[in-house]
Amino acid sequence: MQLSNEEEDYNLSLSKFESMLKTNKVLFFDSEEFEEIILHYLDIGKANLAKKALKLALDQHPKSTGLKLVQVEMLVYDDKLEIAEKLLNELYAIEPNNEEIYIQKANICSKRDQHEKAVELLKIALQFTDDYADVYNLIGMEYLFMDNLEMAKDSFIKCLEEDLEDQSALYNVVYCFEFLDQNQEAIVYLNDYINKNPYSEIAWHQLGRLHYGVKEYENAIRAFDYATLIDDEFLGAFMEKAKAYERLKKYHEAIESYNRTIELDDATSYALLRIGKCYEKLGNLVKALQYYNQTVHEDPLLDKGWIAITDFHMRQKNFQKALFFVNKALAIDNQNRLYWKRYATINKQMNFFEEAEFGYRKAVEFGDYALDTWLFWVDILQFLGEFDSAIQTLLQATEYFPEENEIEYRLAGLYFMTQDTTKAKFHLSNGLRLNFENYILIEDLFPVVWSKKTVKNYIEKHRKQ
């Protein structure tokens, strides 16, 4: 691949400068060469070399406005805003029509969270600049800082009208549309943009994402297809296309797209997991299990992998194997509520009730506040005869579900079991008020309580009321 003359000159300037540093000989560079050298070192994070280059540059070109503006940029980078501002004011007195002065003033205002003032300065810069796209992009960013997404969107659109190839503006304009919940408007905009710039793989990919977001999966696949035709190594587009095929239950095509992502890059645990899910949907259980095993081997910290392999064995009613895998997962992360819930469910299926109770308790301890988790836990405590613990657990659950009839009926039953009739009737009244028909829970869960005539009479009295 041949380098352009500009690239060759640029590389020669860098080599010449680095050679000068090694030999301590002072060589001459014009001011533009120095600017490129300094910005190169800033871009690659070598601030010390940039500062050395700037010092030498100002020694050779003490009156260069371009170099002084680079100096301002470095001062702002170092948060020396007052010094930078003073220097800018000096430059403004000499060149009041230099757009870069307004851009750097705006940069300082932005650093001070004075975003409205920054926008005003950037609008002045528009009067003097030849690079409208860059300034509109900067204005868009300021509006983003102010959470003014409509104005940000308009600015990024103006930027793209000036420069169709500005990828950051394209991503930002789509972000604004999505944040404003204007997905259909974004689709219209991107179709218009693609008419002007049909070979933009980024635009096709973003269009596909938007179609996917509104559940137009066929249109999403079409857009991702164009993205991958333009760039046959566009990993993200292949991944998104696979997800869309899954939604359409086209599992063979999904597997093909996921495999393409693996060809392009190292296998990701996500792709392996999704391939396993697809094979399971196709009924190929051997292949599904093979990919689930690969998933946990690739990333032992991915809880979705362990959950997939555990759930697979649970669906096959192979609870012993499911328990083996959930125990392996817990050995890696014993604070994962999803693992503990499955540990509890499996032990419950195997009639190991004490272990199941422990599992549900740990699941709640680590943040699982789902209603069914509380109820499963309480039902096991009741089965074990631990009525007081069951009551305390339900009272804790009412903090999350204050008006839940299933909790109220269980509290009523448990209070009847512990001979606290006043509290039992209070909670039974609550249950009947919230969902009368569900009184059947008393019959199902507390047959001893149900057999009491006083309880049936109380329910019947409530029915009549």
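## Stop 1: helix 25 and helix 28

Helix 25 passes helix 28 in a right-handed crossing; a crossing is right-handed if the near helix is turned clockwise from the far one by less than a right angle, and left-handed if anticlockwise. To find these two, select residues 421-434 for helix 25 and residues 453-464 for helix 28. Helices here are DSSP runs of H or I with at least four residues, strands are runs of E with at least two, and both are numbered from the N terminus.

The two axes cross at roughly 40 degrees and come within 11 Å. Axes are lines fitted to C-alpha atoms, for helices over the stretch in contact, and angles run from 0 to 180 degrees between N-to-C directions. Helix 25 is therefore oblique to helix 28. Angles under 35 degrees count as roughly parallel, over 145 as roughly antiparallel, 65 to 115 as roughly perpendicular, and the rest as oblique.

Now show side chains. Helix 25 brings K425, L428, S429, L432 and R433 to the contact, and helix 28 brings V455, Y458, I459 and H462. Contact means heavy atoms within 4.5 Å. Five of these contact residues are nonpolar, two are polar and two are charged. In this grouping Ala, Val, Leu, Ile, Met, Phe, Trp, Tyr, Cys and Pro are nonpolar, Asp, Glu, Lys and Arg are charged, and the others, Gly among them, are polar.

A note on the model before moving on. It is predicted, so local features need pLDDT of at least 70 and side-chain atom pairs count only at pLDDT 80 or more, while totals for chains, interfaces and linings use all residues. Residues are numbered from 1 along each chain as its sequence is written, and side-chain values use heavy atoms, with hydrogens and water left out.

## Stop 2

Select Q419, in the loop between helix 24 (405-417) and helix 25. Its phi is near 65 degrees, a positive value in a residue other than glycine. Most residues other than glycine have a negative phi. Is Q419 buried or exposed? Q419 counts as exposed, because its relative accessibility is 60%. Buried means under 20% relative accessible area, exposed over 50%, and partly exposed in between, with a 1.4 Å probe and protein chains only.

Step back to L411, in helix 24. L411 counts as buried, at 0% relative accessibility. Leaving aside residues up to four places away in sequence, L411 touches I391, L394, L395, T398 and H427.

## Stop 3: helix 10 and helix 11

Go to residues 167-179 for helix 10 and 183-196 for helix 11. Their axes cross at roughly 155 degrees and come within 8 Å, so the two helices are roughly antiparallel to each other. Helix 10 passes helix 11 in a right-handed crossing. The contact joins L170, V173, V174, F177 and E178 of helix 10 to N183, E185, A186, Y189, L190 and Y193 of helix 11. Eight of the contact residues are nonpolar, one is polar and two are charged.

The loop between these helices holds D181. Phi of D181 is near 60 degrees, again positive in a residue other than glycine. D181 is exposed, with a relative accessible area of 66%.

Then select N197, in the loop between helix 11 and helix 12 (201-213). N197 counts as buried, at 9% relative accessibility. Beyond residues up to four places away in sequence, N197 touches L164 and E165.

## Stop 4: helix 15 and helix 16

Select residues 251-264 and 269-281, which are helix 15 and helix 16. They pack at an angle of about 160 degrees with axes 9 Å apart, which means that helix 15 is roughly antiparallel to helix 16. Helix 15 passes helix 16 in a left-handed crossing. The residues of this contact divide into 11 nonpolar, two polar and two charged.

End on L264, found in helix 15. L264 is partly exposed, at 25% relative accessible area. Residues up to four places away in sequence aside, it touches D232, E233, F234, L235 and F238. L264 and F234 are 30 residues apart in sequence, with C-alpha atoms 8.5 Å apart in space.
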